Amino acid sequence: MNDKMKFETKAIHAGIEPDSATGAIMTPIYQTSTYAQPRPGEHKGYEYSRTLNPTRHALEKNLAALENAKHGLAFGSGLAAIDACMRLLDPGDEVISTNDLYGGTYRLFTKVHQRYGLKFHFTGMQNPSDIEGLINENTKMIWVETPTNPTMNIIDIEAFAGLAKKHNLILVADNTFASPFLQNPLDLGAHIVMHSVTKYIGGHSDVIMGFLALNDDGLQDKLAFIQNSVGAICGPMDSFLVLRGIKTLHLRMERHCENGAKVAHWLKAHPKVDKVYWPGFESHPNHAVAKKQMKDFGGMISFTLVGDSMDEAFDLVSNMKVFTLAESLGGVESLAGHPASMTHAAIPKEERAKVGITDSLIRLSVGIEHIDDIITDLEQALS
Ligand SMILES: *Cc1c(COP(=O)(O)O)cnc(C)c1O
């Protein structure tokens, strides 16, 4: 496998070889916990499936290639992957993160890791200068998520990588919303890229999984040790399903972006819609950064209603037919969510308001159905 190959080719071929035992073209589901050893210590690279499993291994190599990374580690969920990153740190260490973080990440940081002595700062991250005042001798990590969830803020990964380098901090980028097709944070200077594979990478709303990709050998040794010691791995069946999903990631992302752009413009022109959050608008405060670091603008859009009524927002999401009201995003089917009562319910109301998660805010994960049906559905639900 040539790492100069284009994304589309890597998605289908990277890390995947015909099965050595049978020639099977598709990576088999190695549903086994352990492996025969002819003599003690002699084996074919696999001893026990918590440590390494051939189906998971193929997936890890494939996904690493999509992030232009040397190493990849798959976990049982996105949060398990985030948790592994936190275990790189020691009590007393400090992390600086964005203030409109994914709700589950916020909960993991503040309700779990804070109890073990880590300290978290949440702040706006428009410019590296916004956080310089928070950096002290205990600061060890910067955690960015871009585009952010659900208000589609864009963080300049390259600019924060410069700051991380200057202060010798680990920069982690949650790349879930962009997917590796649209954005590759390691190429922009991040040390670790994290994915909730559950979303665009898996793409079919049938698997929960997380992933880390990185180039640094020292960090890889530590994270592989954590992956094996903690054991929050994904199983072979899920690895197979994700390998299957990845083969069409580029095609799906192209359609998500195309449909997303049409929906964003349509919503913006609708009289009942107040704000529309989508980084593709020239009026978006960080449109230029989005254009610089992303290949396209994705299929995630949030909007608010004129009057900001929670009841009207509830009616709207309940009346949709093509869109399904559900948590999650990034699948082939269109989903709608109400962050204040769903994904971000774990964040206190005052904190939510500060970052624009108001009562009528609705988040759309625009799927890959026909655009006419998507728009017709929005039209009938809004009337
Ligand atoms: C869903 C999500 C996560 C958590 O991933 P799980 O697979 O649900 O554990 C983390 N970050 C973002 C941006 C997400 O959307």
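Which residue in E5 does Val144 stand opposite? In this predicted model, Val144 stands opposite Ala173 in E5.

**View 1. Strand E4 is paired with strand E5.** Strand E4 and strand E5, which spans residues 170-174, pair in the parallel sense over five bridges. The chain passes from E4 to E5 by way of helix H6 (residues 157-167), and this β-α-β crossover is right-handed.

**View 2. Strand E4 is also paired with strand E2.** Strand E2 comprises residues 94-98 and pairs with E4 in the parallel sense, over four bridges. Within E4, Ile142 is the bridge partner of Ile96.

**View 3. Strand E4 is largely enclosed by the rest of the structure.** Strand E4 covers residues 139-145. Six of its seven residues are buried, and the strand is therefore largely enclosed. A residue counts as buried when its relative accessible area is under 20%.

**View 4. Domain 1 and domain 2 are in contact.** The protein is divided into domain 1, residues 7-246, and domain 2, residues 249-382. Their centres, taken over C-alpha atoms, are separated by 26 Å. Domain 1 contributes 42 residues to the contact, and domain 2 contributes 42 residues. Between them the two domains bury about 3400 Å², with 62% of this area on carbon and sulfur atoms.

**View 5. A salt bridge links Asp156 and Lys292.** In this salt bridge, the closest N and O atoms of Asp156 and Lys292 are 3.2 Å apart. Between domain 1 and domain 2, the count of salt bridges is two.

Technical notes
Residues are numbered from 1 along each chain as its sequence is written. This is a predicted model: local features need pLDDT of at least 70, side-chain atom pairs count only at pLDDT 80 or more; totals for chains, interfaces and linings use all residues. Side-chain values use heavy atoms; hydrogens and water are left out. Buried means under 20% relative accessible area, exposed over 50%, partly exposed in between (1.4 Å probe, protein chains only). Helices (H or I, at least four residues) and strands (E, at least two) are DSSP runs, numbered from the N terminus. Two strands pair if DSSP finds at least two bridges between them. A crossover is right-handed if, with the strands pointing away from the viewer, the path from the first strand over the helix to the second runs clockwise. Domain bounds come from an automatic or database domain assignment. Contact means heavy atoms within 4.5 Å. Buried area is the accessible area (1.4 Å probe) that two parts lose on being put together, summed over both. A salt bridge is a side-chain nitrogen of Lys or Arg within 4 Å of a carboxyl oxygen of Asp or Glu.
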